[in-house]
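Notebook open. I wanted to look around this protein one place at a time and jot down what turned up.

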Amino acid sequence: MVDVLSDEIERFVRAAGPSPDETLAEMDDYARSQGFPHVGPEVGAVLRFLARASDAERIFEFGSGYGYSAYWFAEALPDDGEIVLTEVDEDELELARDYLSRGGYDDRVRYELGDALETIERYDGPFETVLIDHQKHRYPEAFEAVREKVPVGGVIVADNAITAGSIVFDDLLATLEGDESVDKGDLNESTRGIVDYLERVKSDPAFETIILPLGEGIAVSYRVE
């Protein structure tokens with residue numbers, strides 16, 4: 001793995017950004033104590049900002065864990081808004097329910113236990129904001145499943161666009177730069193999934209995509225047509 005930001009810059013971004021409330025602070029503590037991979041407050045603040053900027057009324061998450069990113073999103077929603085959480089681990093989903101209830105957001109949350117790619121098929125759009133943060137090799141499939149449900153002005157955010165777990169950054173960079181000495185077929189499943197995802201969204205004329213070097217890297221795709 002690579003360090004997306006230096007420790008000093010990460011501390012700066014955190015200090016200058018919005019402060020997590022008491023429940024979010026507790027959720028951060030939980031992630032540290034359990035070694036649970038979460039987006040962290042730097043990315044969480046960006047997610048909330050993007051939801052506000054896209055005037056999100058409905059949000060869909062591919063992979064929600066214990067509800068950390070959803071908690072950041074929830075504050076940006078109107079009182080009659082909706083966010084759909086998806087998680088295959090029942091205990092994590094119940095923990096998400098507890099945290100979001102304590103924040104006063106339970107009335108705008110749908111908790112879906114099971115595969116996110118199956119869940120999205122049961123929902124009609126539009127979703128003005130979407131987060132993809134589940135199995136990396138399934139990112140391209142998630143994009144295809146939700147693409148037509150995102151309106152112009154909506155955003156799709158993919159976490160781990162730079163690093164995470166088994167992602168090999170050098171292979172990721174070389175492939176995206178067109179290094180012919182790297183065979184995509186030799187990449188591990190997670191790295192290949194991120195490569196395929198980034199190539200897919202970059203080539204889609206309906207979306208404009210940028211990478212933000214925060215957390216473990218997020219790809220933000222804005223629907224332009």
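In which helix does leucine 50 lie? I found leucine 50 in helix H3.

Ground rules before I go on. I am looking at a predicted model, where local features need pLDDT of at least 70 and side-chain atom pairs count only at pLDDT 80 or more, while totals for chains, interfaces and linings use all residues. Residues are numbered from 1 along each chain as its sequence is written, and side-chain values use heavy atoms, with hydrogens and water left out.

**Entry 1: leucine 50**

I looked up how covered leucine 50 is, and it counts as buried because its relative accessible area is 13%. The cut-offs I noted: buried is under 20% relative accessible area, exposed is over 50%, and partly exposed is in between, with a 1.4 Å probe and protein chains only. Leaving aside neighbours within four places in sequence, leucine 50 is in contact with Thr129, Val155, Val157 and Val220. Contact here means heavy atoms within 4.5 Å. I also checked leucine 187, which is 137 residues away along the chain from leucine 50, and the two C-alpha atoms are separated by 32 Å.

My note on labels: helices (H or I, at least four residues) and strands (E, at least two) are DSSP runs, numbered from the N terminus.

**Entry 2: arginine 108**

Arginine 108 sits in the loop between helix H5 (90-102) and strand E3 (109-113). Buried or exposed? Arginine 108 is buried, since its relative accessible area is 9%. I found a polar contact of 3.4 Å between its side chain and the side chain of aspartate 79. A polar contact is a pair of N or O atoms within 3.5 Å; within protein, one must be able to donate a hydrogen and the other to accept it, and residues adjacent in sequence count only if both atoms are side-chain atoms. Beyond four places in sequence, the contacts of arginine 108 include Ala74, Leu77 and Pro78.

**Entry 3: lysine 136 and asparagine 160**

Lysine 136 is in the loop between strand E4 (129-132) and H7. I have it down as buried because its relative accessible area is 14%. Which side chain does the side chain of lysine 136 make a polar contact with? That partner is asparagine 160, at 2.6 Å. Asparagine 160 is in the loop between E5 and H8, and it counts as buried because its relative accessibility is 3%. I also noted its positive phi of about 60°, although asparagine 160 is not a glycine.

**Entry 4: the largest pocket**

Lysine 136 came up again here. I looked up the largest pocket, and it has a volume of about 630 Å³. Its lining has 30 residues, and Gly63, Asp133, His134, Gln135 and Lys136 lie nearest its centre. Helix H4 (68-74) and strand E2 (82-87) each supply at least two residues of that lining.

How a pocket is found: on a 1 Å grid over the protein atoms alone, it is an open set of points where a 1.4 Å probe fits, with protein on both sides within 12 Å along at least five of seven lines, and lining residues have an atom within 4 Å of a point. Grid points are joined across faces, edges and corners, and the volume is the space filled by probe spheres set on the points.

**Entry 5: H7 against H9**

How do helix H7 (residues 139-146) and helix H9 (residues 189-203) pack? I got an angle of about 35°, with the axes 8 Å apart. Axes are lines fitted to C-alpha atoms, for helices over the stretch in contact, and angles run from 0 to 180 degrees between N-to-C directions. On the H7 side, the contact is made by Tyr139, Pro140, Phe143 and Glu144, and the H9 residues include Gly193 and Ile194.

**Entry 6: around H8**

The buried residues of helix H8 (residues 169-176) are Leu172, Ala174 and Thr175, and what covers them includes H9. Just after H8, glycine 178 takes a positive phi of about 80°. Valine 168, in the loop between strand E5 (155-159) and H8, is partly exposed because its relative accessible area is 31%.

The peptide bond from glycine 125 to proline 126 is cis, with omega near 0°. Aspartate 55 has a positive phi near 50°, and it counts as exposed because its relative accessibility is 60%.
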